[in-house]
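Have the sequence and the 3D view open, and try each task before you read on.

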Amino acid sequence: GDAPAVITTSAAIFDEIAFEPVPFTVYRFKLAPGVDPGRTGALMETVFLDNSLLAADTVQEIRDSIAQNEAFGRLFQAFMGLGLVVGVASLGVLSFRAVVERRVSIGMMRAIGYRSRMIQVQFLMESVFVTVLGTAIGLGLGALISWNIVNDIQDSFDGLTYSIPWLTVVVIVLIAILAALLTTIIPARQASRIYPSEALRYE
């Protein structure tokens with residue numbers, strides 16, 4: 001249905017329209033242990049129906065607010081995880097293509113004395129370098145954007161401070177590096193098995 005119309009005005013204007021003073025009152029009650037706030041609120045609204053009483057559970061409202069904030073944070077984490085998966089998968093694809101495109105150079109490196117272990121370590125180090133560089137750029141941009149957001153809303157919320165969860169950041173970076181290594185280890189092994197004769201064959 002249509003949304004109800006809402007008018008925001010001062011108390012003086014509202015009293016003038018109502019032709020009598022209308023007090024705006026808020027009462028807070030502390031219930032005894034074991035008392036159900038939902039049933040108590042419903043009972044109070046029934047008893048004070050003529051007074052248009054609206055009962056609300058403060059603790060439940062705080063919990064709902066925290067749950068909404070946590071859901072919003074999990075949504076951002078899901079987007080971050082999706083970006084991490086896409087980035088790692090792209091890195092694996094690039095590693096497979098690099099093996100095909102650099103067969104001649106890999107064969108030449110083997111011909112001048114590079115061992116297969118050295119070729120494998122080289123591919124893994126390239127993957128780690130790209131991962132660390134991309135993660136550093138992403139963390140820097142994310143920190144800058146979040147700092148600007150907190151700085152803009154800091155005046156509206158008392159006690160709001162900006163802090164970076166370093167433990168979470170370190171865990172994410174380690175997961176990204178480990179995932180990059182796992183996606184690169186197969187093409188790195190393929191590259192390490194290329195013999196010097198491959199350079200002559202594809203040249």
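**Exercise 1. Describe how α3 and α5 pack: what is the handedness of their crossing?**

Step 1. The helices α3 and α5 cross in a right-handed way; a crossing is left-handed if the near helix is turned anticlockwise from the far one by less than a right angle, and right-handed if clockwise. Helices here are DSSP runs of H or I with at least four residues, strands are E runs of at least two, and both are numbered from the N terminus.

Step 2. Before going further, note that this is a predicted model, in which local features need pLDDT of at least 70, side-chain atom pairs count only at pLDDT 80 or more, and totals for chains, interfaces and linings use all residues. Residues are numbered from 1 along each chain as its sequence is written, and side-chain values use heavy atoms, with hydrogens and water left out.

Step 3. The angle between α3 and α5 is about 145 degrees, and their axes are 11 Å apart. Axes are lines fitted to C-alpha atoms, for helices over the stretch in contact, and angles run from 0 to 180 degrees between N-to-C directions.

Step 4. On the α3 side the contact uses L91, S95, A98 and V99, and on the α5 side F123, S127, V130 and T131. Contact means heavy atoms within 4.5 Å.

Step 5. Sorted by class, the contact of α3 with α5 has five nonpolar, three polar and no charged residues. Ala, Val, Leu, Ile, Met, Phe, Trp, Tyr, Cys and Pro count as nonpolar, Asp, Glu, Lys and Arg as charged, and the others, Gly among them, as polar.

**Exercise 2. Look at S95: is this residue buried or exposed?**

Step 1. Find S95 in helix α3.

Step 2. S95 has a relative accessible area of 8%, so S95 is buried. Buried means under 20% relative accessible area, exposed over 50%, and partly exposed in between (1.4 Å probe, protein chains only).

Step 3. Setting aside residues up to four places away in sequence, S95 touches F123, T184 and P187.

Step 4. For contrast, go to F76, also placed in helix α3. F76 is exposed, at a relative accessible area of 52%.

**Exercise 3. Work out how α5 and α6 are oriented to each other.**

Step 1. The axes of α5 and α6 come within 8 Å and cross at roughly 150 degrees.

Step 2. The two helices α5 and α6 are therefore roughly antiparallel. Angles under 35 degrees count as roughly parallel, over 145 as roughly antiparallel, 65 to 115 as roughly perpendicular and the rest as oblique.

Step 3. The crossing of α5 and α6 is right-handed. Its contact residues divide into 15 nonpolar, seven polar and one charged.

**Exercise 4. Compare with α4 and α5: at what angle do they pack?**

Step 1. The angle is about 140 degrees, and the axes of α4 and α5 are 10 Å apart. That makes α4 oblique to α5.

Step 2. The crossing of α4 and α5 is right-handed. I106, M109 and R110 of α4 meet S116, I119, Q122 and F123 of α5.

Step 3. In the loop between α4 and α5 sits Y114. Y114 is partly exposed, at 33% relative accessibility, and beyond its neighbours within four places in sequence Y114 is in contact with M109 and I119.

**Exercise 5. Which residues form the largest nonpolar core?**

Step 1. The 10 residues are A98, V99, I106, M109, I119, F123, L124, A188, A191 and I194. A nonpolar core is a set of buried Ala, Val, Leu, Ile, Met, Phe, Trp, Tyr and Cys residues joined through side-chain atoms within 4.5 Å.

Step 2. Two or more residues each come from α3 (58–101), α4 (103–111), α5 (116–153) and α6 (166–192).

Step 3. The largest share of this core, three residues, comes from α5.
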